[in-house]
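Let's walk through this structure together, one topic at a time. Keep the viewer open as you read.

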Amino acid sequence: MKATEKSILRGGQFLVKETNCDDVFTPEDFSEEQKMMKDAVIEFNDREIIPNKPRFEAKDYAFTEECMRKAGDLGFLSVAVPEAYGGLGMGFVSTLLVCDYISSGTGSFSTAFGAHTGIGTLPITLYGTEEQKQKYVPKLATGEWFGSYCLTEPEAGSDANSGKTTATLSKDGKSYKINGQKMWISNSGFCRLMIVFARIEDDKYITGFIVEYDKEKPNGITLGEEEHKLGIRASSTRQVFFNDTVVPVENMLGGRGEGFKIAMNALNVGRIKLAGACLDSQRRITTMAVQYANERKQFKTRISDFGAIKVKLAEMATNAYVGESACYRAAKNIEDRIALRVEAGNSHQEAELKGVEEYAIECSILKVAISEDIQDCSDEGIQIYGGMGFSEDTPMEAAWRDARITRIYEGTNEINRMVSVDLLAKKAMKGHVDILTPAKEVQEELMGIPSMETPDYSELFSEEKDMIKKLKKTFLMIAGAAVQKFGQELDSQQQLLIAAADILIEIYLAESAILRTEKNAKRFGEETQAIQIAMAKLYLYHAVDIIEEKGKESIISFAEGDQQKMMLMGLKRYTKYVNYPDIVDLRNAIAEKVKAENKYCF
Ligand SMILES: Cc1cc2nc3c(=O)[nH]c(=O)nc-3n(C[C@H](O)[C@H](O)[C@H](O)COP(=O)(O)OP(=O)(O)OC[C@H]3O[C@@H](n4cnc5c(N)ncnc54)[C@H](O)[C@@H]3O)c2cc1C
């Protein structure tokens, strides 16, 4: 179905508007072309990456580079690059799909791939001049050159605009000299191009530059030794030093002082892609875990028959299913928004930029949620393997170490949690997402007498969808009162912001799973979706619990007296089921399905 301005929500609007299940995109909607791309990527991963895991673990950086070249030969590096610059020019969903399925072999390759195609290439496709794009993008799209992104410095991490690297204009006005030190730079060991951020004079904001790096003619660029890291061991990560590195003025990216904006927008795309890059790992870990659990016997019983193990298998599968539901929902919103902007006359470049920026809240939400899911999934994977899980000879150990970085880079999860709430507040102020009107309605509702009627919940997901509405009211009740209490000072109430972000995250993920499953039940029949229905219900149950806890913590931290009492009552009302799901039954059903199929099968 073609998206229209009406059928597609603006970023953040999921919180205040209902979405019809027919309006969400799901992995079951992949086109034939997307299915073929998915198969090709899985085949590449199975052939080139997975069997060579020991080489990645042995820090064979050259091998990472070799695999990147092969990915380039197959066109995987160019999916998101417009055809005019030698790319395949596929849409955002396809871009996410490639990131998803190429990333599960090892975090090392996943990081190299993500750093090159995302933050290493995107700033040029999004902000480059025509000359810059013609000169550099085709080389990056084919893998002739690899890209890296040099933002972080020893004293400028989360506070990315505080970097000390300088760019000084030459007397003849033809070039800049870059001086400074960058650290934690992925792909630095084999890149041929760097996106470097530096400050000109005492500008408020940094500026971006495209810097070529030819090892034969290093132009003042030196690299530190490879970092010794907990995981992603064959991802090249070094410090980069610039000593009077000469960069022609025409290599400035965007305008002077626009670097921070460029850096942040590149990260928005990076965030949803990183979320995507954590999905197939969860599928694979779940598959390996169930295969092991079906084989391994203790007390003359397969360990997969123990309730304690079934809980893990069910939760692992559920989180993977829910994460993919949310990721592809947002990816299609981005793709549709880009298409609408192109139709309205925007250049593709501008449309893509604004399209992704529109959904920056969802990008942060997904990054946080799915990076935490992969961490939990790999942790439970180790637990299911028992002692063997702790051994380097089994895949769980490396999966766990590799997963850890995803909570740190592309903006730490603390920063991303705060970003999501901050952006929502900004959108509310701009009038893009009206939070105030529904927040007032919730306040009024709380003053009134609750309905005593028992609702008819016979239709699929009717209670769950009501619950989602109530969870949204919970957010609005707390956010509305917090804004009234703290006003501009809300920014400094970090614990409150983080709790609010957790509520947002749970709402978005739970709703996405319900909508996907409802859509599939409608078109394929409810009986085909029995386990997916169980997963959507199980996730929602946990979401309600988390929201109740975070809500309570927030309310008692800032509300007092009658207001506190009223809000706590409201919280109780909005987090109460009429019919509680039997989550033990739900988990058993999910686990039995995964066990019977001997793999993640959704
Ligand atoms: C393996 C690896 C690869 C990387 N690749 C790249 C790359 O290719 N290019 C690049 O430019 N960078 C890269 N990075 C850097 C990465 O983006 C940063 O590590 C990250 O942004 C965090 O910065 P930091 O390490 O300085 O931590 P800090 O900013 O010092 O943060 C430390 C802790 O304090 C918290 N914190 C910081 N500020 C706040 C705040 N305002 N409020 C609340 N909590 C706060 C953080 O959440 C974190 O928990 C990479 C890092 C690693 C480890």
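**Strands, salt bridges and inner spaces**

Thr-168 has Lys-177 in S3 as its bridge partner. This is a predicted model, in which local features need pLDDT of at least 70 and side-chain atom pairs count only at pLDDT 80 or more, while totals for chains, interfaces and linings use all residues. Residues are numbered from 1 along each chain as its sequence is written, and side-chain values use heavy atoms, with hydrogens and water left out.

Back to the strands. Strand S2 (residues 166-169) and strand S3 (residues 175-186) pair in the antiparallel sense, over 4 bridges. Strands here are DSSP runs of E of at least two residues, helices are runs of H or I of at least four residues, and both are numbered from the N terminus. Two strands count as paired if DSSP finds at least two bridges between them. S2 and S3 make a hairpin with 5 residues between them, and Gly-173 in the turn has a positive phi of about 75°. S2 also pairs with strand S4 (residues 193-200), in the parallel sense and over 2 bridges. There, Thr-166 has Arg-199 in S4 as its bridge partner.

Next, the charged contacts. The structure holds 49 salt bridges, each being a side-chain nitrogen of Lys or Arg within 4 Å of a carboxyl oxygen of Asp or Glu. In one of them, the side chains of Asp-29 and Lys-519 meet with an N to O distance of 2.9 Å. This pair links distant parts of the chain, 490 residues apart: Asp-29 is in the segment before helix H1 (32-49), and Lys-519 is in helix H17 (residues 494-524). Lys-519 counts as buried because its relative accessibility is 11%; buried means under 20% relative accessible area, exposed over 50%, and partly exposed in between (1.4 Å probe, protein chains only).

For a local example, look at Lys-35 and Glu-32, whose closest N and O atoms are 3.5 Å apart in a salt bridge. Both lie in helix H1, 3 residues apart, about one turn of the helix. Lys-35 is partly exposed at 38% relative accessibility, whereas Glu-32 is exposed at 56%.

Another salt bridge joins Glu-592 to Lys-310, with the closest N and O atoms 3.0 Å apart. Again distant parts of the chain are linked, with Glu-592 in helix H20 (residues 583-597) and Lys-310 in helix H10 (residues 307-343), 282 residues apart. Glu-592 is partly exposed at 34% relative accessibility, while Lys-310 is buried at 14%. Elsewhere, salt bridges that share partners join Glu-28, Asp-46, Asp-100, Asp-280, Arg-283, Arg-284, Glu-324 and Arg-516 into one network.

How many disulfides are there? The count is 0, with a disulfide taken as a pair of cysteine sulfur atoms within 2.5 Å. The sulfur of Cys-363 is too far for a bond, because the closest cysteine sulfur, in Cys-327, is 8.9 Å away. Cys-363 is buried, with a relative accessible area of 1%. Likewise, the sulfur of Cys-601 is 14 Å from the closest cysteine sulfur, in Cys-377, and so too far for a bond. Cys-601 is partly exposed, at 22% relative accessibility.

On a 1 Å grid over the protein atoms alone, a cavity is a set of points where a 1.4 Å probe fits but cannot get out, a pocket is an open set with protein on both sides within 12 Å along at least five of seven lines, and lining residues have an atom within 4 Å of a point. Points are joined across faces, edges and corners, and a volume is the space filled by probe spheres set on them.

The second largest pocket holds about 590 Å³ of space. It has 17 lining residues, and the closest to its centre are Pro-450, Ser-451, Lys-470, Arg-573 and Val-578. H16 gives the largest share of that lining, 4 residues.

The structure also holds 2 cavities of 30 Å³ or more.
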